[in-house]
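Student: Please take a close look at a single part of this model. I would like one residue placed in its surroundings, with the whole chain as background.

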Amino acid sequence: MIRPGSTLGILGGGQLGRMIAMAAAELGLRTHIYAPEENSPAFDVAAEYTIASYEDEAALVGFAKAVDVVTYEFENVPSETAATLSAHALLAPNAQALAVSQDRFLEKSFIAGLDIPVAPFAVFANEDELLEAVARIGRPAVLKTRRFGYDGKGQTMIRPETDPVTAWDALGRAPSILEGFVPFEREVSVIAARTASGGFAAYDLCANEHRNHILDTTRVPAGVSAGTEAQAVAIARAIADALDYVGVLAVEMFLVNDAQGERLVVNEIAPRVHNSGHWTLGGAVTSQFEQHVRAVCGWPLGATSRLGRVEMQNLIGHDVEAWERILAEPGAHLHLYGKAEARAGRKMGHVTRIFDESR
Ligand code: AMP
C-alpha cells in the first residue's frame, strides 16, 4: 500500500510528467523524475531528479530503488528499460501496455483481437508485399512506421497517384504497416483510468481538432449520441481490462458517420495521461493527472464529472506570447510548462475555458 509521503518515480520530464508531479504533490507524495534532458520542465516541480539515459542500467536501478512506484509520461520507453525497472519496483502501467502501444502492428492486432473496430491494416516485409497490401486495402491508404510515429511524423498518404515504394523510401524503409483511410467526420478520444483491483472510470468523450498534425483544440462534450458515448467507454474498458491496465489510458478514435450511421473506429492508444485530457484540469472534478496518481498508488479513483462545457486550447510555439491577455480573460485557466524557448511546433502551455452547459 502506497501512502502519502511515499515517492512516485516518473520516467520522462516533459509537461505531462510535470503535471503528474504537481498532482502527486497535492496528495502529499514526493516525486522523483528520471529524464535524459537537462532543464526538463518536470524537474522544477519535483523533490528529486536524475539526469541519465534510458539505457543507463545502474542509474535506472538506483532510481527504481529510491522510489515506491514508477510510472511514465511517454510510451516509447525501451522494453529493456521497462524490464530493469519492473525488477526493482512496481511499474504502472505494466510492460505489456508499453509493448502493445509502441508498435502499431501489435497495437492494431491486439485491438482487433478484442473485436473492436480498427481501420483495415496489413504488415509487409518487402516491396512485393507492400504492393499486394495496397491492392488489397485500396486507396487512399496511410503508410505508417510501426514505431516512433507521433504528431503525423512517420506516416504518409498513399493516394491514387502515389508510388507506394517511393512513399516507403521516404519513411526510410522502416518497418511499417499500411492502413485503410478512414473517412472520419471527427476525431474523438476517451480518457479512462483503471486500478489494479479492476476499478474503472472514464471521462466524457472529447472531440479533438488538429493544426499542422498537432492537437490544437479539445471540446467536451463531443456532441455524439448517448449510444456512441457509451460504446466509446465500453471500448476503453475492454482494452484496459485486457491489458490488466493500471493508470490513465487514452484511446484515440475516429467518428465515422455514413450510411451505416454513427460509429467508432479506434486509431491508437496511449498508455499515459494525454493532451486531449488536459481539459480535466479545472474542467472535471478530478484531473486526469490526479486520477493517474490515484490509480498507480492503488487508491480509489476520483469522480470524473464535468464542471461545464469545456474547451482546451494548446499554446504551441509563439501562441504562448498571448499569456498576459489570457491571464486578463475572466475564467480562463492558463497553464504554462516552464519551457525557456518557444520553438515552432513546441507545446508551451494550454488554456482551458469552462462555460455554462447551455452556452
Ligand atoms: P496517428 O499518428 O496514427 O495518430 O495519425 C495522425 C493523424 O493522421 C490522425 O490524427 C488522423 O488525422 C490521421 N490518420 C491517421 N490514420 C488515419 C487513417 N487510417 N485514416 C484517416 N486518417 C488517419
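Tutor: The chain carries 31 positive and 45 negative side chains, and the centres of the two sets are 3 Å apart. Lys and Arg count as positive, Asp and Glu as negative; His and the chain ends are left out. Each charge is placed at NZ of Lys, CZ of Arg, CG of Asp or CD of Glu.

This is a predicted model: local features need pLDDT of at least 70, side-chain atom pairs count only at pLDDT 80 or more, and totals for chains, interfaces and linings use all residues. Residues are numbered from 1 along each chain as its sequence is written, and side-chain values use heavy atoms, without hydrogens or water.

Now the residue: Thr84. Thr84 sits in helix 3, residues 79-88. Helices are DSSP runs of H or I with at least four residues, strands runs of E with at least two, numbered from the N terminus. Thr84 is buried, at 14% relative accessible area. Buried means under 20%, exposed over 50%, partly exposed in between (1.4 Å probe, protein chains only). Leaving aside residues up to four places away in sequence, Thr84 touches Glu57, Leu60 and Val61. Contact means heavy atoms within 4.5 Å.

The background next. Of the 359 residues of the chain, 54% count as buried. The chain has 11 helices and 17 strands. Among contacts between residues at least 6 apart in sequence, 61% join residues at least 24 apart. Along the principal axes, the C-alpha atoms fill a box of roughly 60 × 55 × 40 Å.
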